[in-house]
Amino acid sequence: MEGGSVTGTMRAWLCEGYNASAPLAELWHRETVPVPDPGEGVVLVKVHYAAVDPLDSMILSGVYRERFPIKSFPFVPGFDVAGEVVKLGTGCNKFQVGDRVVLCLGIQESCQKDANFGPAGAFAEYCACPEVQISKIPQDLTLSKVAGLPLAGLSAYQALFTGCGSSTKGEPLGNITENSKVLVLGGNKGPGHLAIQMARLKGATVTTTVPPSCIDWMVSLGANSVINFRETDWVDKCGGADFDLIFDCVGWATSLEEMAKAAETLRPGGQYISLSNWDAFDILKVSSELCGGFFRAMVPRVGSADLDLLLSWIAEGKLEVFADQICPMADLQHALRESLAGQCCGKVLICQDGASISTTRPIRKQLMTRDSMKAWICRFYTPYGAHAARFLKCMDICPVPSPSPGQVLVQVHYAAVDPMDWKMLAGVYRDRFPIRSFPFVPGFDVAGEVVALGPGCCKFQVGDHVLLCLGIQESSQKGANFGPAGALAEYCVCPEGQVSKLPQDLPLLKFAGLPLAGLAAYQALFTGCGSSTKGEPLGSITENSKVLVLGGNKGPGHLAVQMARMKGANVTTTVPPSCIDWMESLGANAVINFREQDWAESLRGADFDLVLDCVGWATSLEEMAKAAEALRPGGQYISLSNWEAFEFLKASSGLCSRVFRAMVPKADSKDMDCLIGWVATGALQVTVDQVCPFKEVRHALHESVVGNCRGKVVICQCNATGTRASDRCSGAHGGA
């Protein structure tokens, strides 16, 4: 066999047996499940994303044990995977190790007697799948963009277009054309929302039934008629419609009576195709009134040819798979409940720790009409310094802010924490950056999605992915009506001029830690971009500049190292010992282990053009003075903190020829646009050390205070967790 290095065990969810009354009760998360070994013609894939389906719960309950039996217990459930090839079985020649792929293990396929890879197995770190059921993902598509495609997409495609699929009894399925009339029951479901798009691509006229919150979304997908099934007798409304095809994605939630009434809306010879309710079809077929219709129960057939076509439609922008939620693997049971409840828009995805997280969740009407949200609030300044985060409280019924003229309301998907957050809470900067009123919501950096626009906003549209910095100075101005801050909540408002649009095809997490740290580094290094707290110009480094970055492992520090090297400057940085290799990989010319070397003494007389101090409070006045002595005459010492100490240094007779600047970054979308471009092209990388769930904001702030992190700590609204750096930095050399 060919392939990469794979450990012998993995984490996986195991089902120990059928349970008709409580199917999830027999589902257990195990840490030491054997990694499957790919047999002949089988590929081993590392799972980055898995999509859940109502069928998963039905398989666990034993509802389909006669049709699709589980061959042996325990077994790993799940059918849809987006991930990476890590090993090839003998005879495999279609893929290479490292290829990004999407696959469907198949309902019928994985339950065959001779199946040697299942049944199923998506809810694990690795799964094995026959090569013929796998498709390579186009290079410009993200894994999360296609993760929900396989089972739902194949169901919709094969139901609508003849020759692609067949019923459970081998009968041909749909054959819609430009003039066809199609009814999709449950257009908000995974197969439903894809079927609507496919039918409209063909030119068919589409009617669909959805809950009220999904009406606008269905219209945006191109549905010609949308029926609110909660407030309208949709069966009566469709009477005499003479549909050519009814595609029932609701399944068990459709009663036999409703099915019979819906079937009456078919033209003679029309087809009723269902993904469930198979036994009920025998009853419908013998009804004398319905003998002119064709009733088909279907299960999608897995083939890479069909998947390849669907992937090409996504790449061309003709088809979009919507993910309602992305849950961490540890929350699989919650994801299965959400999928089974049937209230989701599109698919629910599972994300392995370390995989890129983003969502294409459709904008529902209630997002703009909700009047309360979850938020972390501070009620007063606390004198407890670095322990200030202990006094934060998570409130479930905070008012959703309303965007004023020139403001944008953003749904927060990710928020990055910063040492400035706890310093604001502790009142360290109350004279410079006062909190105008309590209670207030802390946090400055947000990656999210526009959900409402204030009057006069013309730069963005609802649904745009955006990055913003609420701004330290900006949110503390007397006239600021949006803060200060507010990132640690489900929604925040921000002036349009401080918001930048993100590429829709790149994960939000890739940019989440950029705003405050990136702006600080960029504006400190390049003159004209920013200014000191007193309005003085900052750095102006060139190709021949010599730069010292104190705290290269910090958020601003690791970005400054990369930016300075991009300019061609010679960069020296100080870091704890565990970060030395990382700094070298970012391009630093010299890396100093500050724990084992007297870095200030060793750099005396180095004639640096600029010292950027990202360590702040952890840099003593003595160390600052020594570092300043390493500057050339006229060189600049720029600090993100320690502002009062600068008056001290300026008065020092030995340092009078040096320039000292204390700075706070300016929240400017033009600067942010430049940084986003660098990240999108791979020229700049934002390292995220940890992604913490929203409920662990206190822990995230503590990590930022301790200073053991590489890069940034990010908060995720979808409760995803995961360490982003393989080796954690040890020792506190300032904040994150």
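This is a predicted model: local features need pLDDT of at least 70, side-chain atom pairs count only at pLDDT 80 or more; totals for chains, interfaces and linings use all residues.
Six strands make up an open sheet, arranged in the order 11-10-9-12-13-14, and their pairing is parallel. Strand 11 (225–228) and strand 14 (294–297) are the edge strands, each of them pairing on one side only. From one strand to the next, the twist averages 15 degrees. Strand 10 (residues 205–210) pairs with strand 11 in the parallel sense, over 4 bridges. Val210 has Asn228, in strand 11, as its bridge partner.

Helix 5 (residues 190–202) lies across strand 9 (181–185), strand 10 and strand 12. Relative to strand 10, helix 5 runs at about 165 degrees.

## Nonpolar cores

In soluble globular proteins, nonpolar side chains tend to be buried together. The largest nonpolar core in this model has 107 residues. Tyr414, Leu514, Leu525, Met563 and Ile715 are the residues with the most contacts inside this core. Beyond its neighbours within four places in sequence, Met563 is in contact with Gly518, Ala521, Tyr522, Leu525, Phe526, Leu675, Trp678 and Leu684.

Another core lies apart from the largest one and has 96 residues. Its members include Phe79, Ala152, Ala159 and Trp313.

## Helix 1

Helix 1 (residues 54–61) is mostly covered, with 7 of its 8 residues buried. The buried residues are Leu55, Asp56, Ser57, Met58, Ile59, Leu60 and Ser61.

At the start of helix 1, a side-chain oxygen of Asp53 comes to within 2.9 Å of the backbone nitrogen of Leu55. Just after the helix, Gly62 has a positive phi of about 90 degrees.

## Lys347, a buried lysine

Lys347 belongs to strand 16 (residues 347–351). Its relative accessible area is 4%, under the 20% limit, and therefore Lys347 counts as buried. The side chain of Lys347 reaches the backbone oxygen of Val52 at 3.1 Å.

Leaving aside neighbours within four places in sequence, Lys347 is in contact with residues from several parts of the chain, including Ala51, Val52, Asp53 and Asp80.

## Salt bridges

The model has 11 salt bridges. One of them joins Lys712 and Asp418, whose closest N and O atoms are 3.3 Å apart. This pair links distant parts of the chain, 294 residues apart: Lys712 is in strand 31 (residues 712–716), and Asp418 is in the loop between strand 19 (407–417) and helix 13 (419–425). Both Lys712 and Asp418 are buried.

Arg632 and Asp609 form another salt bridge, at 2.5 Å from N to O. Here Arg632 in strand 28 (residues 631–639) is linked to Asp609 in strand 27 (residues 608–613), 23 residues apart. Arg632 counts as partly exposed because its relative accessibility is 32%, a value between the 20% and 50% limits. Asp668 and Lys666 also meet through their side chains in a salt bridge, with an N to O distance of 4.0 Å. Lys666 is partly exposed, with a relative accessible area of 38%.

Notes: Residues are numbered from 1 along each chain as its sequence is written. Side-chain values use heavy atoms; hydrogens and water are left out. Helices (H or I, at least four residues) and strands (E, at least two) are DSSP runs, numbered from the N terminus. Buried means under 20% relative accessible area, exposed over 50%, partly exposed in between (1.4 Å probe, protein chains only). A polar contact is a pair of N or O atoms within 3.5 Å; within protein, one must be able to donate a hydrogen and the other to accept it, and residues adjacent in sequence count only if both atoms are side-chain atoms. Contact means heavy atoms within 4.5 Å. A nonpolar core is a set of buried Ala, Val, Leu, Ile, Met, Phe, Trp, Tyr and Cys residues joined through side-chain atoms within 4.5 Å. Two strands pair if DSSP finds at least two bridges between them. Axes are lines fitted to C-alpha atoms, for helices over the stretch in contact, and angles run from 0 to 180 degrees between N-to-C directions.
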